[in-house]
Amino acid sequence: KANELKPLFWKRIQVKPDIKAELKEGKRKPDCLWETLSEPLIDTEDLESLFLKKNPKAKSVAKSMDDKKKKSTTIKPVTALDGKRFQTVGIVMNCLRMSLEEVQTAMLQLDAKVLTAEHLRSLWEARPQGDEIASIKALSKGDAPLDKPDQFLLKLNEITAFSERLQCMLLKECFAEVLSDVSRRATDMLLVVDFLHNGQSVHRLLGLILAFGNCMNSTNNSRGNADGFQLDLLSKVRDVKSHDNQTNLLRYLCTMWIMQDPDAGTNECKLPLPDPADLSQASTVRFDEINADLKKLEEEVNAAQTACKKVVKESSKSDREPFKTVMEDFLQFAVTGIASARGLLDESLLRYNALVSFYQVRPKSGESEVPPQDFFELWIPFVTEFKEYWKKEQKNVVKIKVEKVKKIVEEKKATVNLKVKDSGGLKAKMLAKTGKSIRKTMRRKDSSAKE
């Protein structure tokens, strides 16, 4: 029986027998390729060796036999970890993308280029916990091999004081970011507080509002002749419309400010109020949260100091450095940094409370203090809209200045053109000719007198 080959699925075209006969006898010409196309000789054995149709039964039998052999010879790895813990450690192993030897070397050398903050966080999540190592060691005494996550934890445990060493490294890599965030929030608050408390432009602008208000309330005994006003007025300034509804008091205030500013229309002209974005940022500050973050950071530094001592004590002389020197220097820097941030936080809180008192803002009913959110929300709508009007007025001033310059240039051009036109006119030519004749006559008289 001939070997059965794999089929080639095509749509067959056949030339009719009578047409083949006529073509062979030369009674007609071919109408298509297939009427003349001939098949070349091919190596059928080679084709069969490549495209022989396999027996599926034989394949399945052979595969089942192989599976039985594998099942009988392969020993399944064992693990001492529960399903969730096994999965967690496995994920960390895949995320590290480095060998255990590389991890060990980087840990001993405090190599932040190899073990980034992300790697350290993953290792901290996967670090050996409780009696896991004891359970893994007990399981390793059996005949079955340990699964990879168990081997990974066992290898990590070979590093002296692994958890303490990792704790110190993680704090060192994350400390600067956390401290910077704490310091930034306190500094942002200080900058805005200083602007509102000491900015002369803010005081002059509020003075304009006070003058407008006393003028507008001059006929009202209960509101007129005021020395100041509560800050909740700021959000209402825009609501005062002109008699023709073409403008409002806030826009008029901005126009008056620009008119009094000698730098208006130039790059030297500055917004007289803090930027709305800075005010919004300051409104999100929570002094209790910053204090809690700073306190947590301080506790972590204290815990790292204890961990550092343990690593130094338990490590061999060869594994003690550079850890000892690097960490001791870092922890000294950390203590100083926290003290500095603490001073910055205390100063910002003190000056914020002074600012609230400066503007005589009172806490809401039932509250003992005015949080930054409540205080700065009195300013944000007013400052935001004032800035928009201020930018428009700036553009108007620039436009007016440009038009003035254009007008001056055009006037100068007109003057120059007029002079040129006058110098070449008929009258000018006649005067020049008359003057020339007079000068000739005078010269003749002088020469006759001499003779």
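Where is the place of Pro322? Pro322 is in the loop between helix 14 (317–320) and helix 15. The points below begin with the model as a whole and then return to this loop.

1. Overall composition. The model is predicted. The chain contains 18 helices and 0 strands. Of its 451 residues, 29% count as buried. Among contacts in the chain with a separation of 6 or more, 78% are accounted for by residues 24 or more positions apart.

2. Glu321 and Pro322 are joined by a cis peptide bond, with omega at about 10 degrees. Most residues other than glycine have a negative phi, and most peptide bonds are trans.

3. Backbone at Asn245. Although Asn245 is not a glycine, its phi is positive, at about 60 degrees. Asn245 belongs to the loop between helix 10 and helix 11 (249–260). With a relative accessible area of 58%, Asn245 is exposed, because the cut-off for that class is over 50%.

4. Backbone at Gln360. A positive phi, here about 55 degrees, is also found at Gln360, again a residue that is not a glycine. The place of Gln360 is in the loop between helix 15 and helix 16. Gln360 counts as exposed because its relative accessibility is 58%, the class being defined as over 50%.

5. Packing of helix 6 on helix 9. Two packed helices are described by the angle between their axes and the distance between the axes. For helix 6 (residues 117–126) and helix 9 (residues 162–198), the axes come within 10 Å and cross at roughly 145 degrees. The crossing of helix 6 past helix 9 is left-handed. On the helix 6 side, the contact is made by Ala117, Leu120, Arg121, Leu123 and Trp124. Helix 9 contributes Ser163, Leu166, Gln167, Met169, Leu170, Glu173 and Cys174. Sorted by class, the residues of this contact are 8 nonpolar, 2 polar and 2 charged.

6. How many cavities of 30 Å³ or more are counted? The count comes to 1 cavity. The largest cavity holds about 40 Å³ of space. Its lining consists of Leu110, Ala112, Met169, Lys172 and Glu173. By class, the lining of the largest cavity has 3 nonpolar residues, no polar ones and 2 charged ones.

7. Leaving out residues up to four places away in sequence, Arg185 touches Val285, Ile290 and Asp293.

8. Ala341 of helix 15. Ala341 is found in helix 15 (residues 323–358). Ala341 counts as buried because its relative accessibility is 4%, with the limit for that class set at under 20%. When residues up to four places away in sequence are not counted, Ala341 touches Leu179, Val182, Ser183 and Leu294. The C-alpha atoms of Ala341 and Arg184 are separated by 9.4 Å, while the two residues are 157 residues apart along the chain.

9. Asp374 of helix 16. Asp374 lies in helix 16 (residues 372–376). At 19% relative accessibility, Asp374 counts as buried, because the class covers values under 20%. Apart from neighbours within four places in sequence, Asp374 is in contact with Lys364 and Glu367.

10. Met216 of helix 10. Met216 lies in helix 10 (residues 200–216). Met216 counts as partly exposed because its relative accessibility of 46% falls between the limits of 20% and 50%. Not counting residues up to four places away in sequence, Met216 touches Val240 and Leu249.

Methods
Residues are numbered from 1 along each chain as its sequence is written. This is a predicted model: local features need pLDDT of at least 70, side-chain atom pairs count only at pLDDT 80 or more; totals for chains, interfaces and linings use all residues. Side-chain values use heavy atoms; hydrogens and water are left out. Axes are lines fitted to C-alpha atoms, for helices over the stretch in contact, and angles run from 0 to 180 degrees between N-to-C directions. Helices (H or I, at least four residues) and strands (E, at least two) are DSSP runs, numbered from the N terminus. A crossing is left-handed if the near helix is turned anticlockwise from the far one by less than a right angle, and right-handed if clockwise. Contact means heavy atoms within 4.5 Å. Ala, Val, Leu, Ile, Met, Phe, Trp, Tyr, Cys and Pro count as nonpolar, Asp, Glu, Lys and Arg as charged, and the others, Gly among them, as polar. On a 1 Å grid over the protein atoms alone, a cavity is a set of points where a 1.4 Å probe fits but cannot get out, and a pocket is an open set with protein on both sides within 12 Å along at least five of seven lines; lining residues have an atom within 4 Å of a point. Grid points are joined across faces, edges and corners, and a volume is the space filled by probe spheres set on the points. Buried means under 20% relative accessible area, exposed over 50%, partly exposed in between (1.4 Å probe, protein chains only).
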